Structure formats: C-alpha cells, structure tokens
Amino acid sequence: MIRTPSIDWFALTPILILLGSSGLALLSAVLAPKPMRRAFAASVSLLGFASGIVASVWLYVDSSAGHTVIADSFTRDRWTALGQVILCAVGLATSLLAIEHVPAWSRGADPARRDDHIAEFYALLLACTAGMTFFVGAANLMTLFLSLEWFSIALYVMCAIDYDLEGSLEAGLKYLVVGSFGSAALLFGSALVYGATGSITFDGIAQSIGARGLDRNALLVMGLALILAGLGFKSSAAPFHMWTPDVYEGAPTTVTAFMSAATKVAALLLTMRVLQTALAGDARLWTWALAGIAVASLVIGNLAALVQRNVKRILAYSSVSHAGFMLIGVSAGTALGGRALMYYLIPYAAMSFGAFAVVAARERELGVPVTLDNLAGFGWERPFLGVAMWFFLFGFAGLPLGGGFVGKFYVLAAAYEHGWAWLVIVGVLATLVSLYYYLSIVRSLYMRPEEELRVAAVVGGAPAREAPLHVAVGMALAVSVGSLFAVQPLIDLARDAASSLPF
Amino acid sequence: MNATALTSVLIWLPIGAALAIWLLPLSRYATGALAVLVSLAEVGIWVEQAARFDFARHGLQFSERAAWFGDLHVSYHVGVYAFSLWLVGLTVVAMAACLAYGFWVGRDRPRAYFGLMLFLTGATVGVFVAQDMLLFYAFFEAMLIPLYVLIGVWGGAGRLGATVKFVIYTMAGSLLMLSAIIVYGLKSGTFDLVDAPPSASRWLFLGFMFAFVIKAPLFPFHGWLPDAYREAPPEVSAVLSGVVAKVGLYGMLRIAIPKFPDPASYYRTAVLAIATAALVYGSLLAFRSADFRGVVAYSSLAQSGLIALGLFSGIGLGFDGAVLQMVAHGLISTSLFLIAGAMERRTTTGEFALLGGMAKGRPALATLLMTVGVISLAVPGSASFAGEFLILAGVFQRAWWWAAIGAGAIVLAAMYMLRLISAVLHQARGSTVDDAALDLRPGELALVVPLVAVLLALSAWPAGISHHSFAGDSPVSAVKGQFK
C-alpha cells in the first residue's frame, strides 16, 4: 500500500482556486453561448484572480513561520505568499486588458470569429498563473521542474494563440524551442545536483552539501551552473535572453504584458529561493556568477535597446536590463538583497505590465506593430495613457516618479553592502544609457513636429473606448507611483517575506 | 496651522496644484489663472515663513521629519537654514514671474504646461529644503523631468538635440552623485544630512561635486548650457539660469563643503581654477556672442564661476557674498530672459545683427533693460556689486591672484553687458525692428518690474541677505559645524 502524505490544503488554496477557475473558463469555451462567452470567461477570470489574491494574502498573514508541506515538496511561507499576491495581481490586470483583446484576424475578416478563442485564452492565463504560484513555492527539484513546465507550456500556447497574427506563431515556436532548451538545462542540472547530493529537496541538498563538504564537487558545480542557466532563460537574463525580443515582439501584446511582469516575478523569486535554501553552501560561486550575469544583462539589454525602433522590442531589451538590476539584489545573497528584490518586483511588475498595456492600446487603434514613428503624438491624443506611459518610462529609468527609483536604490545599496562598489558604478552607468531609449519613447509620445502628428492621426483614426484597459493601466500607475510613497509598508512586507529564507 | 508645516506646504502646494490642473477639465484661462494664483500664494507663504524666521538662532528651522524607509535610515526630512530661506525665496519669486509670463504669452497646451511649471516649482523648493540625501536626490532628479518636457515640447527648432544633451549631461552627474550618496549613507549609517558625520573620502566628494559642477555649470562641464538656454522658451531659460543653476551651487554649500571638509580643502585649488576658468571663459564668450540669449547664457556660466569662487574661498566673506550673489544673479538673469522673450516676440529674433535702436519710442523697455543691465554689470551701489565685492574680498584672503583675475573678469562683464544694451537699444534701427512694435505692455511690466524692484531693494540693503545667511557672525564656523 502506498502511503500518501498528509496534505495542507490551505497552503494550496491560491493554486486550487486558479486551477478551478481555469477549468470553469475552459468549460465555458464549449458550453457558454457565443455572445456571452467573452463576458463569462472574463468574469470567471477576474473572480478567480481576486479570490487568489485574497487567499494568498490570508496565507501571508497565517504563515509567519515558514515550513514545507506535502512531503517537503512545497513551501508555505511568506516569500511564496507575497509572490503569489503579485502574480495574481498581474493576472487580474491582464484579465482586464484581455477583455477588449481581439485577435488580429477578425479585423476586416469574419466578425463571427471574434470571440472564438477568448475563453481558451482565459483558461490558459489562469492555468499559467496557477503554475507560477506553485513554482514560487517549489521546495524540491521535482516540483520545481514540474511547475516550470506547467506554466511554460501554457505560455507557449498563449504566445501563439493569435495564429493569424504575423509573428505570433513564430513567437510561440521560438519560445517553445528556446524555452525547452532552458528547461532541459534545468533538468540536467537538477539531475547532476541529485547525483552529487543524493537528495532532491532543497533542505536535503543544503544539508548534504554542508555535511559532506561538497561545495567543490564538480558534479554539483556543473549542476548549479545549469540550474542558473535554466532559470536565467525564464528571467530573460543575458546571455540567456536571445528569445526575449523576438517573443515579446511577436506574441499578442496582452500576453507580452503578462509574461514580462509575471514570468520575471516567478523566475527571480524562485532563483533566490533555490540559491539561498539549497545551494547556500556554494554562495561563493554563485554570487560571482550572478554578478556576472547581472552585468551582462545590464550591458547587453541597454546597448541593444538603443538601436531598436519597435517599441515592444525596446521594452523587451529594457526587461533584460531590469533582470540584470534585480539579479544584483539576488547576487548580494543577503537579507537586504532579498528585500531589495522583493520590493523591486512590485513596481517593476506594475510598470512593465502598464507599459505593454499602453502599447497594446496603440496597437489596437492602429492595427500594426507600434514603432517609435507611429507612436508620434499618442501622448496628446490619449492624455491618460500618455501620462501613464510617461510615468512608467521615467520609473523604468529610475527617476523619482515611481517605485523603480527606490528599487534601484535598494539593489545598489545591497550590492554596496556586499562590498561590490564596482557593481554600483555599473548599475549607475547602465541607468544612464537606458535614459536614452526611454526618452526616445517619451519624445515620440510628445515631441514630434506637427506634420508627423497628422500622418499618425490619419493612420490612427478615432481613439477607441477601452474602459477595462484604462482601469488596468490605472491600477499599474497607482502601484508604480504609490510604491514610491509607501516604501516603508512595502519594505516591511518584503522584509517579512525575506525572513522566510535562510540568510 | 503649525508653523513647521510651512516648509512642506511650500513643496506640496504647487505639486498638488499641478495634479489638480492635470485632472480637472479647466479652461485655458482658468488653468493659467489658477497656476499664477498658486505661485503668488507660494510667495505669500514664503514671506510668512521669512517673517517668522529667527535669524539669530543657529540650526535648522521649520523642520519636519517622518520615516520614509527606516531600515536604511532614509527619512522625509525638510527644513530651512537662513541661506536656504533666501534661495527658496528666489525660487518662488522667479517661478511666479515665469509662470505669469507663460500665462501672458498664452502657451499652447496650457494644462500640460502650467502643471509642469508648478511641478517644477515644488521640486526646486524641495531641493533647497531637503535635509535627507536621498530626498535631496529625489527632488534633484524630479526637477529634471518637467524641464525636459518643457524644453522638448515648447522649445525652439533645435529643441530635441538640446534636451538630449541637457538630460544626458545632468544625469551623468547626478547618477554619480547617487552612487556617492549610497556609499556615504550606508557608511555613516544614516542618510540624514544633519546627522551624517563629515567624511574624508575624496571619491565621495568628487562624486557629489561632479553633479554640482554640471548643474551649476562650471567650465568645462557647460556643454549643455548654450543649446538649452537658446532653445528653451524664454521663461524656462529664465528658470534654468536663475534658479536651477543655483541648485548646483547650493549643493556645494550644503553638502560638498561642510560634509567633506578635508577633500574640499585638498581640491580647493582645482575647484578655484575651474571656477576662475568659467568666469573668464564665460565672460569672453558672452562678449563674442551674437545674440541676446547667448550673452545671458554665457554670463550665467561666468556668474556660476564667480559664486563657486566665493564658496570655495573658504572665507566668511566669500560665503556671505556667494549667497547674496546667488539671489541677485537669479533675479537678474530671470529678468533678462523675460525681457529677451518680450523682445523676441516683437522682433522674432535675438540676433544683434538684426536688432538695434529699440530704445526709440519704447521708454519702458529701454529703462528696464538698462536698469537690469547696469545692476548686472555690478555698478557700485548695486546688489551684484555688493555680492561680487564680498566674494572677491573673500577669495583675496585666500590668495590675491584669484581676486585679481576675478576683478579683471568683472571688467569683461561691463563690456559684454554694455555691448548687449547698445546692440539692442541703441545704434541704427535693426532690420527686424518695426516702428509698430509696441513698448512693453502693462502685463509684461507687471512681471518684470517687481523683480527689478526687489533687485533695487537688495541694492539698497545687501546686508539683508549677506548678514542674514548664517546664524551668528561667522559663516566659516557655521559651515564647520555643518549648520546643525
């Protein structure tokens, strides 16, 4: 007879809620009549994410002493719970953004097909977020890999869901191929780590390294490197970022908005957890490795963004450079680094989602990819979205218009506390370079000469009314600006979350 | 109302008004009127604060402190010293005049424009009163954002190039300052400017100074200046040279000199050298400049050099003179840019070759330009004469040759300013000067005359500022005590 482990169902509530909603949304794809399908699936999704937030907040409050559950395969602690709150919030905002999401092929084509895939889209979104909320709490290499695949597969399909959209299928395929490569690296690395330590739980690995003095073991070091590479693919840190610009550009912008925010949150939070709980014995190695990856991301992300014309590509490279910033926090390997990362992710997720949402709004009114040229004058035509974009961009650049400023300050402080003054200088120089491309978007929004504005207006036509999109952007704006003023409460949350990890 | 809240009100009232202007669907007229009223209210609040200020007391007054994020000891800490009081006064007065100018000429897209100008007011006041390094940095950067858009949207034909240069230059400096702030703050265990102990690190000093010399600017860090001053709308140029440039000099006075006493004296000769270079080189360029704004722009470079000379003399007279000269030059340069703007509206140009003979039939314009010009060239009895004299007397005690070069440069000031006056007002009538071009209108007079009146009052009683900038009689001991 197989002994089943006792299950802490409460620890799984956010995941179960999201999975249940996903099933419901999927059923509505078949059962709900077409006119109601969009509204029904969207409501299920909104409700699901809202309950997910409530459940994970509850878990946060109720998990002050972190511990592993279900045969040591999942961690119930505040690091997980706060990550789940952020992920569900991003999911909620994405659900709003997707309400008006119309697959490109219905433009001028058959309007009857307009709602064909909307319920599947919501089902995938919910399933994907469920996978991520499981991922951030993974406590052994098996659940780590399982949940990684879980949310990745959902993402592959979401990228390709507008199969008539130019580039969408290509994006999905590219992500699938490169992502599988990353997963394979992670799996291989896990196998090596297991081989070296004889354990798959994070705690067991740490004990084994400590007890048997394995920190110089070649298998383990190789495994560590491969795990870092696999997670680097997901957080799109250089040099594992090659897929990022293409996929971000090709995927439907709604999906890009979601993945730029949520995937990064999940991947970085888990990177920190794995390194701190399982591989802390090798901190000497991975702090330097991560510092190297961070510098590479900052350099490559910022320099490559300078020459782009497509706004989604610019933002994609900017997300690479932000991965670099946040990895600085991880690489410090200190409690300050932990709360720096956790804090940074909050405004970052909001700004990144918001910026892509604004791009989505422009794309929906133009019907073509958004470039620096056809963004001209958008700020004056749609004042709210323009101002919001302005805040997001200056926030990305680390100017004090949003929490990005404090986030950068924190990660740089963590680097300095670790004794890496040189990393502070690198971060600062990267910020200086990044200003150029962020400002080039602001220039397009507001400062183009009149004649160019008229050209864009002809293409654009009358602006659409998109109340849900505005609400989503407004939420992102509120979080991104609010996190500048409410630093103390957020840092307290992040500190409690980080205290779940052994620093 | 609690008197200590006045400082915070001075920062947040204009920012709040900016938000209101952005959110409320006001008409063009109502937007401008609201903005001007708020800026006048700022002046009123400042007068109230100055009236309640105790000049005999040492240390920070009207201070407020609240935790921002406690784990790194960063707080929202604001307050004024006597010298910051004068700079805040300069800010609110100059901003009121510039906002009113924008209202008078009827800028396009009024809600965006006036909101940004008010935001700029709040951020600039914030820099002068922030007593926490990160807060100082936040306001320092927050100033840049509205300036960038104001130049980029409402500027002249070459505005895009000018904004890129301006932003890249200033951010290069301020980001180095950010790294210096992180290192200094974490080392001293607090980011509070009042509590942080002095440091002997030369690297940190250079990190801060780099930001300040770019902002001021001093030679050879002034590459952004001519383009920005020429391409910005005139009232924004006025703010840039009158107020924003003073932020760099204020930073030297508030942070670089008192917090880094040893590095400051180690690098004294180097700073005095680049300050002198700015003074002489700026004056020469102003003399060669072919247009009105060019002269004022380069003369600002020269004046920044002169003020830095006073600050880094390390002598009490130099500090007194520097504060007085910051205020005097701020008012002069604001008035000159506003007059330049009024003139460009009449002639479409600031080129001297196309101007001339404007005094004829335009007594108000001629009188005002002449008065400001004469005060600007430091004619004895004027406010800037008092400021320059104090600075030179201070730096003379350091070493006589600095004073000798400085005094020589003041002769150059007379040359470029008289050249400007004669090229615009006198000589043969220029090709763009039409007899129909009106004299200054009452609205324009209402902007510039108060500025000139304040200048004249300061000329009559320069000690009002120079003896009331540092508590007690010895600025040097105040600086040594880091103002506490």
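Modeller: We'll take the chains, then where they touch, then a few details. Keep in mind that this is a predicted model.

Colleague: Okay, chain A. How many helices and strands does the secondary structure come to?
Modeller: Chain A comes to 20 helices and 2 strands.

Colleague: And what box do its C-alpha atoms fill?
Modeller: Roughly 70 × 55 × 40 Å, taken along the principal axes of chain A.

Colleague: What radius of gyration does chain A have, and what would a compact globule have?
Modeller: Chain A has 503 residues, and a compact globule with that number would have a radius of gyration near 23 Å. Chain A has 22 Å, so the two agree.

Colleague: What share of chain A is buried?
Modeller: Buried residues make up 65% of its 503 residues.

Colleague: And the contacts within the chain? What percentage join residues at least 24 apart?
Modeller: Take the contacts in chain A between residues at least 6 apart in sequence. Of those, 80% join residues at least 24 apart.

Colleague: Now chain B. How many helices and strands?
Modeller: Chain B has 19 helices and 2 strands. Its C-alpha trace spans about 65 × 60 × 40 Å along the principal axes.

Colleague: What about the globule check for chain B?
Modeller: Chain B has 484 residues, and a compact globule with that number would have a radius of gyration near 23 Å. Chain B has 21 Å, which agrees.

Colleague: And burial in chain B: what percentage?
Modeller: It is 62% of the 484 residues. As for contacts in chain B between residues at least 6 apart in sequence, 82% join residues at least 24 apart.

Colleague: Can you show me a helix pair across the chains? How are such pairs described?
Modeller: Two packed helices are described by the angle between their axes and the distance between the axes. Here, take helix α16 (residues 403-417) of chain A and helix α6 (residues 159-188) of chain B. They pack at an angle of about 60 degrees, with their axes 10 Å apart.

Colleague: Why call that oblique?
Modeller: Roughly parallel means under 35 degrees, and roughly perpendicular means 65 to 115. The angle is about 60 degrees, so α16(A) is oblique to α6(B). The crossing is right-handed.

Colleague: Which residues make the contact?
Modeller: From α16(A), they are A:Phe409, A:Leu412, A:Ala413, A:Tyr416 and A:Glu417. From α6(B), they are B:Ile182, B:Val183 and B:Leu186. That divides into 7 nonpolar, no polar and 1 charged.

Colleague: Last topic: A:Ala206. Where does it lie?
Modeller: In helix α7 (residues 202-212) of chain A.

Colleague: Why does A:Ala206 count as buried?
Modeller: Because A:Ala206 has 20 C-beta neighbours inside 10 Å, and a residue is buried at 20 or more.

Colleague: Which residues does A:Ala206 touch?
Modeller: Not counting residues up to four places away in sequence, A:Ala206 touches A:Thr277, A:Ala278, A:Ala280 and A:Gly281. Its C-alpha atom is also 5.9 Å from that of A:Leu279, 73 residues apart along the chain.

Colleague: And where is A:Ala280?
Modeller: A:Ala280 lies in the loop between α10 (253-278) and α11 (283-306) of chain A. A:Ala280 counts as buried, with 20 C-beta neighbours inside 10 Å. Leaving aside neighbours within four places in sequence, A:Ala280 is in contact with A:Ala206 and A:Pro502.

Definitions and conventions: Residues are numbered from 1 along each chain as its sequence is written. Chains are lettered from A and ligands numbered from 1 in the order in which they are written. This is a predicted model: local features need pLDDT of at least 70, side-chain atom pairs count only at pLDDT 80 or more; totals for chains, interfaces and linings use all residues. Axes are lines fitted to C-alpha atoms, for helices over the stretch in contact, and angles run from 0 to 180 degrees between N-to-C directions. Helices (H or I, at least four residues) and strands (E, at least two) are DSSP runs, numbered from the N terminus. Angles under 35 degrees count as roughly parallel, over 145 as roughly antiparallel, 65 to 115 as roughly perpendicular and the rest as oblique. A crossing is left-handed if the near helix is turned anticlockwise from the far one by less than a right angle, and right-handed if clockwise. Two residues are in contact if their C-beta atoms, placed from the backbone, lie within 7 Å. Ala, Val, Leu, Ile, Met, Phe, Trp, Tyr, Cys and Pro count as nonpolar, Asp, Glu, Lys and Arg as charged, and the others, Gly among them, as polar. The radius of gyration is taken over C-alpha atoms; the globule rule is 2.2 Å times the number of residues to the power 0.38. A residue is buried if 20 or more other C-beta atoms lie within 10 Å of its own, exposed if 12 or fewer, and partly exposed in between; C-beta atoms are placed from the backbone.
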